[in-house]
Amino acid sequence: MSPTTVLITGATDGLGRWLALRLAADGVGVVLHGRNPARLDETAREIRAEGGREPLGVVRADLSDLGQVDRLADEVLERFPGLDVLVNNAAVGFGEPGAGRELSPDGIELRFAVNYLAGYHLTRRLLPALVKAAPARIVNVTSIGQAPIDFADPMLDHDYDGYRAYRQSKLAQIMFTLDLAEELRGTGVTANTLHPATLMATSMVREAELTPLSTLHDGGEATLRLIADPALADVSGVYFDQTMEATPKPQALDPAARRQLRELTDTLVGRALAARR
């Protein structure tokens with residue numbers, strides 16, 4: 001597949017920035033998402049300085065706010081109707097050592113809101129454009145660090161831990177991807193998810209005061225494969241550990257748990273958006 005229009009969330013730092021620079025260098029039209037206009041401008045300037053294709057555009061939104069995610073989807077649908085790849089990359093990490101529980105503007109546990117719900121809602125809103133542009137791909141950037149969701153306390157009101165919050169949000173991404181791939185069967189749109197590399201040298205890893213174990217190049221090449229490798233044209237519903245097919249934590253493979261997650265997700269998203277009307 002030779003993608004023509006690729007939307008990358010979290011394109012101003014880390015893996016997202018690496019992907020934007022590499023894809024633009026290969027002549028792909030990238031749509032850069034970020035929440036900081038100065039950093040969006042800086043990324044676009046870096047693409048130009050390196051001789052890459054001019055970005056198709058930039059879009060701003062704070063993904064912790066589902067109302068802004070909704071507006072982001074409206075903007076993308078209006079400005080980039082030919083979207084053929086969506087990369088849900090933006091994420092909040094474990095947090096600084098000792099940091100406490102944080103809530104999104106919608107009152108949702110922050111990591112669940114940004115790492116899972118934002119990508120879920122954005123993907124749902126953009127599905128008509130992706131189906132119309134098929135063959136198209138959805139790539140969800142997740143993690144090998146996964147934790148099961150306690151549906152009795154999904155927002156971690158009790159015994160909060162930033163690592164657990166991050167890991168359950170990442171397992172939720174995988175569960176969504178498996179459901180989505182089944183839903184999209186026969187449409188020409190694939191949905192896959194990957195752990196790009198372990199503890200890449202990113203600001204997220206530095207914030208947690210962890211030692212990087214891999215490079216952005218390592219994770220970038222693995223992610224780029226899911227975006228553009230023709231050999232994966234018909235592959236969907238797969239979790240990859242870098243470039244190898246892998247098995248996620250057991251809860252992801254449990255249809256009843258995935259149904260519970262869908263119900264929880266619809267409740268949280270619906271409540272957040274209704275409160276803003």
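**Entry 1: the threonine**

I looked up T123 and found its side chain reaching the backbone oxygen of G119 at 2.6 Å; a polar contact here is a pair of N or O atoms within 3.5 Å, and within protein one must be able to donate a hydrogen and the other to accept it, while residues adjacent in sequence count only if both atoms are side-chain atoms. The model is predicted, so I note that local features need pLDDT of at least 70 and side-chain atom pairs pLDDT 80 or more, while totals for chains, interfaces and linings use all residues. Numbering runs from 1 along each chain as its sequence is written, and side-chain values use heavy atoms, without hydrogens and water.

I placed T123 in helix α4, residues 110-133 (helices are DSSP runs of H or I, at least four residues, numbered from the N terminus). T123 is buried at a relative accessible area of 0% (buried means under 20%, with a 1.4 Å probe and protein chains only). Beyond four places in sequence, I list L86, N88, I138, F176 and L180 in contact with T123 (heavy atoms within 4.5 Å).

**Entry 2: the helix pair**

I then checked α4 against α3, residues 66-79: the angle is about 25° and the axes are 9 Å apart (axes are lines fitted to C-alpha atoms over the stretch in contact, and angles run from 0 to 180 degrees between N-to-C directions). I therefore record α3 and α4 as roughly parallel (angles under 35 degrees).

For the contact, I noted residues including L66, V69 and D70 in α3, and L117, H121 and R125 in α4.

Note on methods. Helix = DSSP H or I, 4+ residues; strand = E, 2+ residues; numbered from the N terminus. Buried < 20%, exposed > 50% of the residue type's maximum accessible area, 1.4 Å probe, protein only. Parallel < 35°, antiparallel > 145°, perpendicular 65-115°, else oblique.
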